[in-house]
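Thank you all for coming; I would like to take you through one model this morning, going slowly and saying what each term stands for as it comes up. Please have the picture open while I speak.

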Amino acid sequence: MWVLKHLLANQLTMEYIRGLIRDVPDFPKKGIIFKDITPVLSDIKALRMSVKEMASPFMNLDIDVVVGIESRGFIFGVPIADILGASFVPVRKPGKLPCKTEKITYDLEYGTDSLEIHQDSIKENQNVLIVDDLLATGGTAEATCELVSKLKGKINGFVVLVELEFLNGRKKLNQYNVHSLVKY
Ligand code: AMP
């Protein structure tokens, strides 16, 4: 009975959060349906529930470091690090981090993009959880996993608020424990 009640409450939470996420057609370019999560941020109840549910599968995994991907990964990453008692490390677009960095360049549909992390931000074998707002094709997530691996961090999981399942981003991350709250 308790399990059933818990599952129902969880389902209601997800539906509440899903109801807040807005579709914005043709943003930032034609053909893309942008999932706008800002209404979730505007609703403190939804934001608290999102952060709690994103952290929940990783509570007993001794996470040392939460890595947040610029920029919406920062919003969720910091409170998740707080819940897990972990440190927070930002992965940023090139030229933003002031100290020595590792850099990775990865392919986009058209062209390439790059991400950087401070070299001294993760120690060998530290348990790492990577956080972003949304998983689409998985390119950004895969690149971030490579950056963390370059620093010899152990990736214990990857968590997002939203997953666009039809883009199969999970396939690129099949060796990792991937968790998402709202799926399309
Ligand atoms: P990808 O590398 O394709 O998995 O894209 C993931 C990154 O791009 C995330 O940091 C998202 O914030 C952003 N993103 C990609 N597609 C969308 C979308 N349809 N709506 C909102 N954000 C998106």
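What we are looking at is a predicted model, in which local features need pLDDT of at least 70 and side-chain atom pairs count only at pLDDT 80 or more, while totals for chains, interfaces and linings use all residues. Residues are numbered from 1 along each chain as its sequence is written, and side-chain values use heavy atoms, with hydrogens and water left out.

Let me start with the pocket. A pocket here is an open set of points, on a 1 Å grid over the protein atoms alone, where a 1.4 Å probe fits and where protein lies on both sides within 12 Å along at least five of seven lines; its lining residues have an atom within 4 Å of a point. The largest pocket holds about 1,200 Å³ of space, where volume means the space filled by probe spheres set on the points, and points are joined across faces, edges and corners. Its lining comprises 35 residues, and those nearest the centre are Ile-32, Leu-134, Ala-136, Thr-137 and Thr-140. Two or more lining residues come from each of β2 (33-36), β5 (101-107), β6 (112-118), β7 (127-135) and α5 (139-150), these names being DSSP runs numbered from the N terminus, with helices being H or I of at least four residues and strands being E of at least two. Which element gives the most to this lining? That is β7, with four residues. By type, the lining divides into 18 nonpolar, six polar and eleven charged residues, where Ala, Val, Leu, Ile, Met, Phe, Trp, Tyr, Cys and Pro count as nonpolar, Asp, Glu, Lys and Arg as charged, and the others, Gly among them, as polar.

Now to α5 itself, which has twelve residues and reaches 17 Å from its first C-alpha to its last, close to the 16 Å expected at 1.5 Å a residue; the expected span is 1.5 Å times one less than the number of residues. Its buried residues are Gly-139, Ala-141, Ala-143, Thr-144, Cys-145, Leu-147 and Val-148, buried meaning under 20% relative accessible area, exposed over 50% and partly exposed in between, with a 1.4 Å probe and protein chains only. The cover over these residues includes β3 (65-69), β4 (87-91), β5, β6, β7 and β8 (154-163), and contact in this talk means heavy atoms within 4.5 Å. After α5 comes Lys-152, with a positive phi near 65°.

Five of the seven residues of β6 are buried, so β6 is largely enclosed by the rest of the structure.

Not counting residues up to four places away in sequence, Leu-84 touches Ala-55, Phe-58, Met-59, Ile-63, Val-66 and Leu-129. Gly-85, with a positive phi near 65°, follows α4.

Lastly, the backbone details. Where are the cis peptide bonds that I want you to check? One joins Phe-27 and Pro-28, with omega about 0°, and Pro-28 lies in the loop between β1 (22-25) and β2. Another joins Glu-70 and Ser-71, with omega about -5°, and Ser-71 is in the loop between β3 and α4. Phe-34, in strand β2, touches both Phe-27 and Pro-28, among others.
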